[in-house]
Amino acid sequence: MHIAVLAGDGIGQEIMVEALRVLGAMNLPGLCLDHADVGGMAYHKYGHPLPPETLELVKSADAVLFGAVGDPSCDNLERHLRPEQAVLGLRKEMQTFANLRPAKMFPGMEDASGLKAEIARTIDVVIVRELNGDVYFGEKGIRQTAEGLREGYDIMSYDENEVRRIGHVAFKTAMGRGKRLCSVDKANVLETSQLWRDVMIELSADYPEVELSHMYVDNAAMQLVRNPGQFDVVVTGNLFGDILSDQASMCVGSIGLLASASLGEGTQGLYEPIHGSAPDIAGQGIANPSAMILSAAMMLRHSFGMETEASRIEAAVAAVLAQGVLGHDLGGSASTAEIGDAIVAQLTGG
(Lines give C-alpha, C1' and ligand atoms only; values in the text may rest on other atoms or scores of the structure.)
Protein backbone atom coordinates (compact mmCIF):
# COMPACT_ATOMS: atom_id res chain seq x y z
CA MET A 1 0.00 0.00 0.00
CA HIS A 2 2.18 2.81 -1.29
CA ILE A 3 0.43 6.15 -0.78
CA ALA A 4 1.68 9.53 -1.97
CA VAL A 5 0.71 12.11 0.66
CA LEU A 6 0.31 15.63 -0.75
CA ALA A 7 -0.97 17.82 2.08
CA GLY A 8 -0.63 21.06 0.14
CA ASP A 9 -1.52 24.50 1.43
CA GLY A 10 -3.53 26.12 4.21
CA ILE A 11 -5.66 23.73 6.24
CA GLY A 12 -4.47 20.87 4.02
CA GLN A 13 -1.52 20.43 6.37
CA GLU A 14 -3.70 20.26 9.50
CA ILE A 15 -6.41 17.94 8.24
CA MET A 16 -3.91 15.57 6.65
CA VAL A 17 -2.34 14.94 10.07
CA GLU A 18 -5.67 13.65 11.34
CA ALA A 19 -6.33 11.48 8.28
CA LEU A 20 -2.93 9.82 8.69
CA ARG A 21 -3.62 9.25 12.38
CA VAL A 22 -6.81 7.45 11.43
CA LEU A 23 -5.02 5.29 8.85
CA GLY A 24 -2.40 4.48 11.48
CA ALA A 25 -5.10 3.37 13.90
CA MET A 26 -6.38 0.87 11.33
CA ASN A 27 -3.22 -1.29 11.48
CA LEU A 28 -3.22 -1.66 7.69
CA PRO A 29 -0.81 -4.24 6.29
CA GLY A 30 2.13 -2.91 4.28
CA LEU A 31 1.16 0.75 4.67
CA CYS A 32 3.86 2.99 3.18
CA LEU A 33 3.47 6.78 3.22
CA ASP A 34 5.67 9.12 1.18
CA HIS A 35 5.23 12.89 1.42
CA ALA A 36 5.80 15.58 -1.22
CA ASP A 37 5.06 19.27 -1.74
CA VAL A 38 2.32 20.57 -4.00
CA GLY A 39 0.53 23.87 -4.65
CA GLY A 40 1.71 27.18 -3.25
CA MET A 41 4.15 25.50 -0.90
CA ALA A 42 5.80 23.74 -3.84
CA TYR A 43 5.90 26.97 -5.88
CA HIS A 44 7.73 28.81 -3.11
CA LYS A 45 10.27 25.98 -2.81
CA TYR A 46 10.70 24.90 -6.41
CA GLY A 47 9.16 27.60 -8.60
CA HIS A 48 6.30 25.35 -9.76
CA PRO A 49 3.11 24.08 -8.06
CA LEU A 50 3.68 20.54 -9.32
CA PRO A 51 7.44 19.91 -9.38
CA PRO A 52 9.06 16.87 -11.06
CA GLU A 53 9.86 15.28 -7.70
CA THR A 54 6.19 15.24 -6.78
CA LEU A 55 5.17 13.85 -10.16
CA GLU A 56 7.70 11.04 -9.86
CA LEU A 57 6.29 10.05 -6.49
CA VAL A 58 2.74 10.11 -7.86
CA LYS A 59 3.73 7.84 -10.74
CA SER A 60 5.13 5.22 -8.36
CA ALA A 61 2.28 5.30 -5.84
CA ASP A 62 -0.79 3.08 -5.64
CA ALA A 63 -2.94 6.04 -4.59
CA VAL A 64 -2.64 9.75 -3.85
CA LEU A 65 -4.07 11.34 -0.71
CA PHE A 66 -4.41 15.07 -1.37
CA GLY A 67 -5.19 17.88 1.06
CA ALA A 68 -5.85 21.24 -0.57
CA VAL A 69 -4.07 23.92 -2.62
CA GLY A 70 -4.48 27.66 -2.69
CA ASP A 71 -2.27 30.50 -1.49
CA PRO A 72 -3.32 34.17 -1.70
CA SER A 73 0.31 35.21 -2.16
CA CYS A 74 0.24 33.40 -5.51
CA ASP A 75 -2.91 35.05 -6.86
CA ASN A 76 -1.02 37.36 -9.22
CA LEU A 77 1.19 34.70 -10.75
CA GLU A 78 0.76 33.61 -14.35
CA ARG A 79 -2.09 31.12 -14.51
CA HIS A 80 0.11 28.07 -15.15
CA LEU A 81 2.08 28.78 -11.95
CA ARG A 82 -0.88 29.21 -9.61
CA PRO A 83 -1.36 26.52 -6.93
CA GLU A 84 -4.70 25.37 -8.34
CA GLN A 85 -3.00 24.26 -11.55
CA ALA A 86 -1.42 21.42 -9.59
CA VAL A 87 -4.80 19.69 -9.36
CA LEU A 88 -5.33 19.86 -13.13
CA GLY A 89 -1.78 18.62 -13.68
CA LEU A 90 -2.31 15.65 -11.37
CA ARG A 91 -5.56 14.71 -13.09
CA LYS A 92 -3.80 14.83 -16.45
CA GLU A 93 -0.78 12.85 -15.25
CA MET A 94 -2.91 10.21 -13.52
CA GLN A 95 -5.45 10.16 -16.38
CA THR A 96 -8.34 10.45 -13.94
CA PHE A 97 -11.56 11.30 -15.71
CA ALA A 98 -14.25 10.38 -13.18
CA ASN A 99 -14.86 12.27 -9.95
CA LEU A 100 -17.13 10.57 -7.41
CA ARG A 101 -18.63 12.87 -4.80
CA PRO A 102 -21.00 11.21 -2.32
CA ALA A 103 -23.34 13.45 -0.35
CA LYS A 104 -25.27 11.77 2.44
CA MET A 105 -27.01 13.25 5.46
CA PHE A 106 -25.46 11.97 8.67
CA PRO A 107 -28.10 11.00 11.26
CA GLY A 108 -28.65 13.75 13.78
CA MET A 109 -27.09 16.44 11.57
CA GLU A 110 -30.29 17.54 9.83
CA ASP A 111 -30.35 20.88 11.66
CA ALA A 112 -26.97 21.78 10.15
CA SER A 113 -28.52 21.80 6.69
CA GLY A 114 -30.14 24.88 5.24
CA LEU A 115 -33.03 22.63 4.24
CA LYS A 116 -35.97 21.56 6.37
CA ALA A 117 -35.02 18.53 8.47
CA GLU A 118 -37.58 16.25 6.82
CA ILE A 119 -36.10 17.10 3.42
CA ALA A 120 -32.45 17.05 4.49
CA ARG A 121 -32.62 13.55 5.97
CA THR A 122 -33.47 12.12 2.54
CA ILE A 123 -30.14 13.14 0.98
CA ASP A 124 -28.12 10.14 -0.21
CA VAL A 125 -26.62 10.80 -3.64
CA VAL A 126 -23.39 10.21 -5.53
CA ILE A 127 -22.50 12.83 -8.12
CA VAL A 128 -20.30 11.44 -10.89
CA ARG A 129 -18.52 14.36 -12.52
CA GLU A 130 -16.48 14.14 -15.73
CA LEU A 131 -13.05 15.65 -15.06
CA ASN A 132 -11.01 15.94 -18.24
CA GLY A 133 -13.20 17.82 -20.71
CA ASP A 134 -15.65 20.71 -20.96
CA VAL A 135 -14.75 24.40 -20.79
CA TYR A 136 -11.99 23.77 -18.24
CA PHE A 137 -9.86 22.01 -20.85
CA GLY A 138 -11.22 23.46 -24.09
CA GLU A 139 -9.59 26.12 -26.20
CA LYS A 140 -9.64 29.44 -24.37
CA GLY A 141 -8.25 32.92 -24.56
CA ILE A 142 -8.79 36.65 -24.95
CA ARG A 143 -9.26 38.07 -28.43
CA GLN A 144 -10.38 41.28 -30.07
CA THR A 145 -13.69 41.65 -31.85
CA ALA A 146 -14.17 43.47 -35.16
CA GLU A 147 -15.33 46.43 -33.07
CA GLY A 148 -12.07 46.45 -31.13
CA LEU A 149 -13.58 45.04 -27.92
CA ARG A 150 -11.84 42.48 -25.73
CA GLU A 151 -13.67 39.15 -25.80
CA GLY A 152 -13.03 36.16 -23.59
CA TYR A 153 -13.88 32.68 -24.83
CA ASP A 154 -13.85 29.14 -23.43
CA ILE A 155 -14.93 26.31 -25.70
CA MET A 156 -17.10 23.52 -24.29
CA SER A 157 -16.73 20.19 -26.06
CA TYR A 158 -16.96 16.44 -25.52
CA ASP A 159 -16.44 13.63 -27.99
CA GLU A 160 -18.56 10.52 -27.75
CA ASN A 161 -15.80 8.37 -26.27
CA GLU A 162 -15.31 10.83 -23.42
CA VAL A 163 -19.02 10.72 -22.67
CA ARG A 164 -19.16 6.94 -22.99
CA ARG A 165 -16.36 6.26 -20.50
CA ILE A 166 -17.83 8.50 -17.78
CA GLY A 167 -21.22 6.98 -18.56
CA HIS A 168 -19.90 3.49 -17.83
CA VAL A 169 -18.59 4.66 -14.44
CA ALA A 170 -21.94 6.24 -13.62
CA PHE A 171 -24.02 3.22 -14.67
CA LYS A 172 -21.75 0.87 -12.69
CA THR A 173 -22.02 3.14 -9.66
CA ALA A 174 -25.81 3.05 -9.98
CA MET A 175 -25.72 -0.75 -10.26
CA GLY A 176 -24.06 -0.85 -6.84
CA ARG A 177 -26.66 1.42 -5.29
CA GLY A 178 -30.34 2.00 -6.06
CA LYS A 179 -30.08 1.41 -9.84
CA ARG A 180 -31.30 4.91 -10.70
CA LEU A 181 -29.19 7.27 -12.77
CA CYS A 182 -30.05 10.88 -13.60
CA SER A 183 -28.00 12.42 -16.41
CA VAL A 184 -27.80 16.21 -16.08
CA ASP A 185 -27.23 18.39 -19.13
CA LYS A 186 -28.49 21.46 -20.99
CA ALA A 187 -29.55 19.72 -24.18
CA ASN A 188 -32.23 22.29 -24.94
CA VAL A 189 -29.50 24.88 -25.61
CA LEU A 190 -26.09 23.22 -26.04
CA GLU A 191 -25.02 20.88 -28.84
CA THR A 192 -22.42 19.44 -26.47
CA SER A 193 -25.22 18.45 -24.12
CA GLN A 194 -27.29 16.97 -26.94
CA LEU A 195 -24.42 14.63 -27.80
CA TRP A 196 -24.05 13.85 -24.09
CA ARG A 197 -27.71 12.88 -23.84
CA ASP A 198 -27.66 10.82 -27.05
CA VAL A 199 -24.65 8.79 -25.87
CA MET A 200 -26.15 8.20 -22.42
CA ILE A 201 -29.31 6.84 -24.03
CA GLU A 202 -27.26 4.55 -26.30
CA LEU A 203 -25.22 3.34 -23.33
CA SER A 204 -28.31 2.55 -21.25
CA ALA A 205 -28.92 -0.51 -23.45
CA ASP A 206 -25.89 -2.11 -21.75
CA TYR A 207 -27.44 -1.57 -18.31
CA PRO A 208 -31.10 -2.62 -18.58
CA GLU A 209 -31.47 -2.84 -14.79
CA VAL A 210 -30.67 0.85 -14.34
CA GLU A 211 -33.46 3.39 -14.71
CA LEU A 212 -32.04 6.31 -16.72
CA SER A 213 -33.59 9.77 -16.51
CA HIS A 214 -32.54 13.18 -17.81
CA MET A 215 -32.71 16.62 -16.26
CA TYR A 216 -31.62 20.10 -17.33
CA VAL A 217 -28.96 21.53 -15.04
CA ASP A 218 -31.01 24.51 -13.88
CA ASN A 219 -33.84 22.18 -12.84
CA ALA A 220 -31.35 19.83 -11.18
CA ALA A 221 -30.04 22.70 -9.05
CA MET A 222 -33.59 23.48 -7.97
CA GLN A 223 -34.48 19.84 -7.29
CA LEU A 224 -31.40 19.36 -5.08
CA VAL A 225 -32.95 21.77 -2.59
CA ARG A 226 -36.60 20.96 -3.27
CA ASN A 227 -36.52 17.16 -3.30
CA PRO A 228 -32.95 15.78 -3.00
CA GLY A 229 -34.20 12.33 -2.03
CA GLN A 230 -35.23 11.66 -5.62
CA PHE A 231 -31.57 11.33 -6.65
CA ASP A 232 -29.52 8.15 -6.35
CA VAL A 233 -26.65 8.71 -8.81
CA VAL A 234 -26.18 11.85 -10.90
CA VAL A 235 -23.81 11.99 -13.86
CA THR A 236 -22.84 15.25 -15.51
CA GLY A 237 -20.05 17.21 -17.17
CA ASN A 238 -17.14 19.03 -15.62
CA LEU A 239 -18.65 22.51 -15.25
CA PHE A 240 -22.12 21.43 -14.13
CA GLY A 241 -20.65 18.80 -11.79
CA ASP A 242 -18.37 21.32 -10.14
CA ILE A 243 -21.33 23.52 -9.25
CA LEU A 244 -23.87 20.83 -8.32
CA SER A 245 -21.51 18.88 -6.07
CA ASP A 246 -20.68 21.99 -4.04
CA GLN A 247 -24.39 22.74 -3.78
CA ALA A 248 -25.01 19.20 -2.53
CA SER A 249 -22.38 19.67 0.16
CA MET A 250 -24.20 22.63 1.64
CA CYS A 251 -27.48 20.72 1.52
CA VAL A 252 -25.78 18.17 3.77
CA GLY A 253 -24.68 20.95 6.12
CA SER A 254 -21.03 21.71 5.53
CA ILE A 255 -18.44 21.48 2.81
CA GLY A 256 -16.21 20.09 5.56
CA LEU A 257 -18.04 16.76 5.45
CA LEU A 258 -17.69 15.77 1.79
CA ALA A 259 -14.98 13.57 0.34
CA SER A 260 -14.18 12.78 -3.26
CA ALA A 261 -12.39 10.23 -5.42
CA SER A 262 -10.91 10.95 -8.84
CA LEU A 263 -10.51 7.72 -10.79
CA GLY A 264 -9.21 6.52 -14.13
CA GLU A 265 -9.15 3.16 -15.86
CA GLY A 266 -7.09 1.38 -13.20
CA THR A 267 -7.09 1.30 -9.40
CA GLN A 268 -4.85 4.31 -8.81
CA GLY A 269 -6.89 7.28 -7.64
CA LEU A 270 -6.63 10.80 -6.27
CA TYR A 271 -8.56 11.30 -3.02
CA GLU A 272 -9.32 14.72 -1.58
CA PRO A 273 -11.91 16.69 0.37
CA ILE A 274 -13.95 18.96 -1.87
CA HIS A 275 -13.21 22.10 0.15
CA GLY A 276 -10.25 24.36 -0.49
CA SER A 277 -7.25 25.49 1.52
CA ALA A 278 -9.28 28.00 3.60
CA PRO A 279 -6.42 30.44 4.22
CA ASP A 280 -8.66 32.52 6.50
CA ILE A 281 -8.60 29.80 9.17
CA ALA A 282 -5.31 28.05 8.36
CA GLY A 283 -3.05 27.57 11.36
CA GLN A 284 -5.83 28.07 13.90
CA GLY A 285 -6.50 24.37 14.49
CA ILE A 286 -10.23 24.70 13.87
CA ALA A 287 -10.60 23.10 10.43
CA ASN A 288 -12.93 20.11 10.25
CA PRO A 289 -10.85 17.05 9.19
CA SER A 290 -13.90 14.85 8.53
CA ALA A 291 -13.88 15.24 4.75
CA MET A 292 -10.16 14.45 4.62
CA ILE A 293 -10.70 11.36 6.77
CA LEU A 294 -13.65 10.26 4.64
CA SER A 295 -11.48 10.72 1.55
CA ALA A 296 -9.00 8.27 3.08
CA ALA A 297 -11.89 5.85 3.51
CA MET A 298 -12.77 6.22 -0.18
CA MET A 299 -9.14 5.49 -0.99
CA LEU A 300 -9.26 2.21 0.92
CA ARG A 301 -12.46 1.24 -0.90
CA HIS A 302 -11.63 2.18 -4.48
CA SER A 303 -7.84 1.72 -4.74
CA PHE A 304 -7.31 -1.17 -2.32
CA GLY A 305 -10.65 -2.99 -2.25
CA MET A 306 -10.90 -2.65 1.53
CA GLU A 307 -14.65 -2.23 1.88
CA THR A 308 -14.77 -3.35 5.51
CA GLU A 309 -12.05 -0.92 6.59
CA ALA A 310 -13.60 1.94 4.61
CA SER A 311 -16.98 1.32 6.20
CA ARG A 312 -15.41 1.26 9.67
CA ILE A 313 -13.96 4.73 9.16
CA GLU A 314 -17.23 6.08 7.79
CA ALA A 315 -19.14 4.60 10.73
CA ALA A 316 -16.66 6.15 13.17
CA VAL A 317 -17.11 9.60 11.63
CA ALA A 318 -20.90 9.21 11.77
CA ALA A 319 -20.73 8.12 15.42
CA VAL A 320 -18.57 11.09 16.42
CA LEU A 321 -20.96 13.50 14.72
CA ALA A 322 -23.90 11.84 16.49
CA GLN A 323 -22.08 12.31 19.80
CA GLY A 324 -22.01 16.05 19.15
CA VAL A 325 -18.27 16.39 18.59
CA LEU A 326 -18.68 19.17 16.03
CA GLY A 327 -16.27 21.53 14.37
CA HIS A 328 -16.73 25.27 14.05
CA ASP A 329 -18.21 24.83 10.56
CA LEU A 330 -21.11 22.95 12.17
CA GLY A 331 -21.64 25.35 15.04
CA GLY A 332 -19.49 23.41 17.50
CA SER A 333 -16.24 24.18 19.27
CA ALA A 334 -14.18 21.02 18.72
CA SER A 335 -10.72 21.60 17.32
CA THR A 336 -9.16 19.74 14.40
CA ALA A 337 -7.19 17.54 16.78
CA GLU A 338 -10.16 16.90 19.06
CA ILE A 339 -12.25 15.64 16.16
CA GLY A 340 -9.36 13.42 15.11
CA ASP A 341 -8.99 12.15 18.68
CA ALA A 342 -12.66 11.23 18.84
CA ILE A 343 -12.60 9.35 15.55
CA VAL A 344 -9.44 7.43 16.47
CA ALA A 345 -10.98 6.55 19.84
CA GLN A 346 -14.11 5.31 18.11
CA LEU A 347 -11.98 3.06 15.88
CA THR A 348 -9.76 1.69 18.64
CA GLY A 349 -12.29 1.53 21.45
CA GLY A 350 -10.18 3.98 23.43
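Is arginine 164 buried, partly exposed or exposed, and what is its relative accessible area? Arginine 164 is partly exposed, because its relative accessible area is 25%, where buried means under 20%, exposed over 50% and partly exposed in between (1.4 Å probe, protein chains only). The model behind this value is predicted: local features need pLDDT of at least 70, side-chain atom pairs count only at pLDDT 80 or more, and totals for chains, interfaces and linings use all residues. Residues are numbered from 1 along each chain as its sequence is written, and side-chain values use heavy atoms, with hydrogens and water left out.

Arginine 164 also has a charged partner. Side chains of opposite charge can pair when their charged atoms come close. Here the partner is glutamate 202, and the closest N and O atoms of this salt bridge are 3.9 Å apart (a salt bridge is a side-chain nitrogen of Lys or Arg within 4 Å of a carboxyl oxygen of Asp or Glu). The pair links distant parts of the chain, 38 residues apart, with glutamate 202 in helix α7 (residues 191–203) and arginine 164 in helix α6 (residues 160–175). Helices (H or I, at least four residues) are DSSP runs, numbered from the N terminus. Glutamate 202 is partly exposed as well, with a relative accessible area of 48%.

The structure holds 19 salt bridges, and arginine 301 takes part in two that can be followed here. With glutamate 307 the N to O distance is 2.7 Å; with glutamate 314 it is 2.8 Å. Relative accessibility is 25% for glutamate 314, which counts as partly exposed. Salt bridges that share partners also join Glu18, Arg21 and Asp341 into one network.

These last residues lead to a helix pair. Two packed helices are described by the angle between their axes and the distance between the axes. Helix α1 (residues 12–25) packs with helix α12 (residues 336–348) at about 10 degrees, the axes lying 10 Å apart; axes are lines fitted to C-alpha atoms over the stretch in contact, and angles run from 0 to 180 degrees between N-to-C directions. The two helices are therefore roughly parallel, a term for angles under 35 degrees. Residues in contact (heavy atoms within 4.5 Å) include Glu18 and Arg21 of α1 and Asp341 of α12.

Notes: Angles under 35 degrees count as roughly parallel, over 145 as roughly antiparallel, 65 to 115 as roughly perpendicular and the rest as oblique.
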